[in-house]
Amino acid sequence: MATRGSRLWQLARPRAPEALPQRLDRRRIYVLPTRFGLFVAVLLAAMLLGALNYNNNPALLLALLLAAAAIASTIAAHLQLSGVQVDAISAEPVAAGQPLRLRVDLSLRDPRARHGLELQVGDSQVWTDLPAQGRGEVELDIPTERRGWLDLPRMRLSSTQPLGLVRAWSWVWPEQPLLVYPVAESHAPPLPEQGSDPLHTRAHASGEELHQLRPYRAGDPPRTIAWKHSARRDTLLVREYEKPVGIEVVLDWRALPSLSTEARISRLARWVDDAEREGRRYTLRLPLQPAIGPGQGAGHHHLCLRALALMPHD
């Protein structure tokens, strides 16, 4: 039965990923009764048989009226989806293992509003309404497991309005993949200073050259106190030194030969995040690819993580 059901599912339109936007029409909308609809159908059949058996015209009229209402609700459920357009999908990349926040843009061009639309992707689902000749956006979380491109499964847009007797649904299968970043190493060593620009310095307690004297702050080590200068000014002064710190950092794949492929990617992802957080320019060097950078900012950060995410798997 499972094999037969999967074959029927594969026959539904669309049978392959498709470019957006896609407008839902009668050729790709399917309608089947719900459990409540099956119960109502059995009840109406019993009423019709009883009315015919006992030649009860009022009961027969009531059964026919209820059957007509059920048929009208089936047509109305079909019309709930007809004309709805899926314009685009988008999502900000996240690290593997974190839920991806998927945004789906919907629009409607006819003067009838739509109510009770349900969008389902995998185990995630969300409900929304669309105003007449308006637009709407729905968001739902998609689980991620590994880095790289995430191919979306079919998305089901359905409705049981207005009476809940039938479910009308249609499939949308976007061909646009979504990017998932690699997981950054949680306890990575500090950024490498090799290849840095030594002309830039910053204050550092373990530096070599005297930078300035400043007032004493609680927690300063006693060895940094300038006793002679403190005696002259009648207040405690502390020596601050400067240490060469590279503003431009080179993050080289070949500098981590002892790590596996995934471990290298995880560490480089952490270093990219650290360099961006510290405001330093950085260059990423990966095998068989031109160097990325030097650069800084959200765009450069995305390019580096994208390159790491698309590295071949082990």
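Let's start with Ala77, which is found in helix H3, residues 57-81; helices here are DSSP runs of H or I with at least four residues, strands are E runs of at least two, and both are numbered from the N terminus. Ala77 has a relative accessible area of 0%, so it is buried, where buried means under 20%, exposed over 50%, and partly exposed in between, with a 1.4 Å probe and protein chains only. Which residues does Ala77 touch, not counting residues up to four places away in sequence? They are Gln161, Pro162, Val166 and Ala168, with contact meaning heavy atoms within 4.5 Å.

A quick word on the model, friends. It is a predicted one, where local features need pLDDT of at least 70 and side-chain atom pairs count only at pLDDT 80 or more, while totals for chains, interfaces and linings use all residues. Residues are numbered from 1 along each chain as its sequence is written, and side-chain values use heavy atoms, leaving out hydrogens and water.

Now the whole protein. We have 6 helices and 18 strands, and buried residues make up 38% of the 314 residues. Of the contacts with a separation of 6 or more, 65% come from residues 24 or more positions apart.

On to a helix pair. The axes of H5, residues 261-277, and H6, residues 298-309, come within 10 Å and cross at roughly 175°; axes are lines fitted to C-alpha atoms, for helices over the stretch in contact, and angles run from 0 to 180 degrees between N-to-C directions. H5 and H6 are therefore roughly antiparallel to each other, a label for angles over 145 degrees, with under 35 being roughly parallel, 65 to 115 roughly perpendicular and the rest oblique. On the H5 side, the residues that meet H6 include Ile265, Leu268 and Val272, and their H6 counterparts include His301, Cys304 and Leu305.

Staying in H5, take Ser266. Is Ser266 buried or exposed? Ser266 is buried, at a relative accessible area of 16%. Leaving aside residues up to four places away in sequence, Ser266 touches Val183, Ala184 and Glu185.

Last stop, Phe39, which sits in helix H2, residues 35-54. Phe39 counts as exposed because its relative accessibility is 53%. Thanks, everyone, and happy to look at any of these residues together.
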